[in-house]
Amino acid sequence: MAPIPMLLVLLFAASPASSSNSEGEALHAWRARLTDPTNVLQSWDPTLVNPCTWFHVTCDPQNRVIRLDLGNSNISGPIGSELGRLEHLQYLELYRNNLKGKIPAELGNLKNLISMDLYGNHLQGEIPKSFAKLKSLRFLRLNNNKLTGSIPRELVVLSNLKILDVSNNDLCGTIPIGGPFANFPLQSFDNNSRLNGPELQGLVPYDFGC
Ligand SMILES: *[C@@H]1O[C@H](CO)[C@@H](O)[C@H](O)[C@H]1NC(C)=O
Ligand SMILES: *[C@@H]1O[C@H](CO)[C@@H](O)[C@H](O)[C@H]1NC(C)=O
């Protein structure tokens with residue numbers, strides 16, 4: 001009888017794909033630590049073979065997660081370090097939620113990331129120096145949070161960065177110069193009471209006032 005062996009063949013054929021469901025596992029592990037009062041994550045079923053049919057998740061034709069669109073979603077909790085495992089991610093959109101805690105350094109592993117929008121949350125701690133590894137990044141909006149520390153000078157290597165907004169935080173030190181920082185308007189840095197003007201190399205210490 002053909003049907004049963006056929007089913008087994010299909011199951012075995014499917015197993016390499018399910019072993020690549022580490023992205024679904026990463027997302028589900030993060031979800032377990034979130035509060036989701038309006039059930040925007042209801043479709044995140046970890047028993048599916050991959051997360052590509054989940055709402056707010058977009059995959060490429062190879063079923064790899066390339067977008068996470070959870071802006072204005074009323075979610076609260078931490079930004080999980082697990083997200084650093086979505087190595088094909090291009091868009092990380094988590095703006096205007098109630099996310100708290102630090103920005104995980106692991107997000108610096110997202111080497112294909114084009115856009116990171118974390119603005120309008122309650123994020124604390126420093127901007128990770130590991131963001132210097134985000135060589136594809138074009139848009140980085142971290143404004144309207146509670147970030148502290150200095151703007152990592154390491155970010156001057158991000159030659160594709162077109163838009164940076166760190167306004168309305170509690171950053172300190174001086175604004176780096178060089179690389180993309182030559183083109184950012186001063187409004188990008190507004191309302192950080194302890195942040196000083198562009199770095200005068202050699203004259204003012206980089207972390208002046210921190
Ligand atoms: C977020 O919550 C507000 C107020 O409860 C509601 O009006 C809105 O639809 C919610 N947003 C989503 C994406 O569920
Ligand atoms: C400055 O930024 C803080 C932190 O985000 C915010 O609470 C405050 O309302 C902002 N002030 C102005 C004048 O925008």
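1. Which residue in β2 is the bridge partner of Thr 58? Arg 67 is that partner. This is a predicted model, and the points below should be read as such.

2. Start with the hairpin. Strand β1 covers residues 57-59 and strand β2 covers residues 65-69. The two run antiparallel, joined by three bridges. Five residues lie between the strands of this hairpin.

3. Look next at Asn 63. This residue sits in the loop between β1 and β2. Its phi is positive, about 60 degrees, although Asn 63 is not a glycine. Most residues other than glycine have a negative phi. Asn 63 counts as partly exposed because it has 16 C-beta neighbours inside 10 Å, and a buried residue would need 20 or more.

4. β2 also pairs with strand β4, residues 91-93. Here the sense is parallel, again with three bridges. Within this pairing, Leu 68 has Leu 92 in β4 as its bridge partner.

5. Arg 96 is not a glycine, yet its phi is positive at about 50 degrees. Why is Arg 96 classed as partly exposed? It has 17 other C-beta atoms within 10 Å, and the class lies between 12 or fewer for exposed and 20 or more for buried.

6. Now the open sheet. Three strands make it up, in the order β3-β5-β7, with parallel pairing. β3 (76-78) and β7 (122-124) are the edge strands, each pairing on one side only. From one strand to the next, the twist averages 10 degrees.

7. One pairing in that sheet can be followed residue by residue. Strand β5, residues 98-102, meets β7 in the parallel sense over three bridges. Lys 102 has Gln 124 in β7 as its bridge partner.

8. Which residues surround ligand 1? They are Thr 38, Val 40, Asn 72, Ser 73 and Asn 74. By class, this shell has four polar residues, one nonpolar and no charged.

9. Ligand 2 has its own shell. Asn 144, Asn 168, Asn 169 and Asn 191 surround it. The shell around ligand 2 has four polar residues, with no nonpolar and no charged ones.

Notes: Residues numbered from 1 in each chain as written. Chains lettered and ligands numbered in written order. Predicted model: local features only at pLDDT ≥ 70, side-chain atom pairs only at ≥ 80, totals over all residues. Pairing = 2+ DSSP bridges. Helix = DSSP H or I, 4+ residues; strand = E, 2+ residues; numbered from the N terminus. Near = placed C-beta within 6 Å. Nonpolar A, V, L, I, M, F, W, Y, C, P; charged D, E, K, R; others polar. Axes fitted to C-alpha atoms, helices over the stretch in contact; angles between N-to-C directions.
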